[in-house]
Amino acid sequence: MEWLSAVSKVFFFIAAGGVLGWYLGGAMVGVTVAALAVVFFWSRQMWRLEHWLRDTSDSPPDVPGIWGEMVARVYRKHRSAETTQKRLQSTVDYLLDSFSAMRDGVVIVHGNGAIRWCNEAAQRLLGLQHPQDIGQLITNLVRLPEFNEYLDSGDYAEPLVFETTGGTRLNLRMVVTQFSDGDTLLFLSDVTEVVRTEQMRTDFVGNVSHELRTPLTVITGYLETFLGDVSSLPEPYARGLEQMAGQARRMESLLKDLLWLSKIESTEHRVKNDQVDVPALLVELADEISSIYPDRPLQLEISCQEGILGEYRELYSAVSNLVLNGYKYSGPDGRVFASWRAEAGCIRLDVVDQGIGIDPVQFPRLTERFYRVDESRSLASGGTGLGLAIVKHVATAHGAELKIDSKPGQGSTFSLIFAHTNKR
Ligand code: ADP
């Protein structure tokens, strides 16, 4: 206990002063002089300590006793805080250095939208300038509506892919991460090449499908002419021609779906602003279904009269694909229900069947092109393997979520869930 020893020393010193004073003829004078000496000594040490604390970069004062001990402790704490700060600073410098060296753009944005830091790649990709743009609102500098809307939305679950304007047009993919108290970290990667390749693939599929249509039309035309007089043909020829006509029809519907899919893909990012009356769309579809399955009409339950903003033909094709799948993958008596209803924050379309169902492990792959759970059954049902890929594209283009709920042998429910902001 250093303080106890220091206090004992003080008492001892004052007592010694008293004894000396008594010896010289005035005990109280001796005590007073000793106490004043103690006060003077402590005040001086306090002054030296306070003076040093003002600027701890100087070497610490050489003070005796408890004061020396206090100075040593403060000095040790200060040194350790300094070391920690240096370590933190070097970690921050290291991170900023690695961010700076990245080929991807990194921007740190304050909660109020002002740029706090950006690396060189971000300056190049977004046309930002360092250090002039630090502290400026990022939405004032990157003047792209989809970029601003995305940042304002606060929903960063899916990355944003957008095209820059200006001299060299780039396709950028942006991932936003929130941290600290509302600050955000924007990661930008250049996906121009990927988008270009994807575009070439879409164009290629579209062009090939288009080119194949004319020869196929000629072939089916001749086949139908020959089949018109099938009774005059020998049996093996007649059977062969019928099979050829069947396969030609399959190819026709495949080309039709491929062309439609590439059209939807090419217009996926275009704003779809028509007012689509979904209840009327369902009634039109039910009419079409009753001509295909007259004894099994589509059962409708429309409990919401609202429509949505979108593209009628695309939505019609998505819903009819879901409904026709319901029929295709049910027994000959299977019923299909479609409902349109509003829920908290969304409007949903459910297509429910009581058919063969699907094992949930298949769900993630169902919307891939040409993916079939059971190849032989799908071919027998006349499917092209593109139906759910079309549905998925239409859903994405309309900001809707495609949900699947099914179990083998217990039917399936396919739902398109539209955000309420999408309603008209
Ligand atoms: P297809 O033209 O083969 O029907 P889709 O893309 O529409 O292609 O569907 C993909 C696969 O998902 C189908 O081959 C089928 O196995 C399965 N499927 C789709 N809808 C249903 C459903 N309502 N019930 C059971 N299986 C389904």
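Helix α6 is followed by Gly154, whose phi is positive, near 75°. Helices (H or I, at least four residues) and strands (E, at least two) are DSSP runs, numbered from the N terminus. The model is predicted, so local features need pLDDT of at least 70 and side-chain atom pairs count only at pLDDT 80 or more, while totals for chains, interfaces and linings use all residues. Residues are numbered from 1 along each chain as its sequence is written, and side-chain values use heavy atoms, with hydrogens and water left out.

Within α6, Phe147, Asn148, Tyr150 and Leu151 are buried (under 20% relative accessible area; 1.4 Å probe, protein chains only). These residues lie on the same side of α6, because they cover an arc of only 160° around the axis. The arc is that of the directions from the helix axis to the C-beta atoms. An α-helix has 3.6 residues a turn, so residues three or four places apart point the same way. Pro145, Glu149 and Asp152 are exposed (over 50%) on the other side of α6. The buried residues of α6 pack against α5 (138-141), β3, β4 and β5 (183-190). Contact here means heavy atoms within 4.5 Å.

Helix α6 also contributes to the largest pocket. A pocket is an open set of points on a 1 Å grid over the protein atoms alone, where a 1.4 Å probe fits, with protein on both sides within 12 Å along at least five of seven lines; lining residues have an atom within 4 Å of a point. The largest pocket holds about 2300 Å³ of space. A volume is the space filled by probe spheres set on the points. Its lining has 44 residues, and Leu160, Glu268, His269, Thr396 and Ala397 lie nearest the centre. Two or more residues come from each of α6 (145-153), β3 (160-163), β4 (171-179), α7 (192-228), α8 (235-266) and α12 (387-397). Helix α7 gives the most, with 6 residues.

The second largest pocket has about 1100 Å³ of space. It is lined by 42 residues, with Asn321, Asn325, Lys328, Gly383 and Gly387 nearest its centre. Elements that each supply at least two lining residues include α8, β10 (346-353), α11 (375-380), α12 and β12 (412-419). Helix α10 (312-328) gives the most, with 9 residues. Domain 3 (195-266) and domain 4 (274-422) each provide at least three residues of this lining. Domain bounds come from an automatic or database domain assignment.
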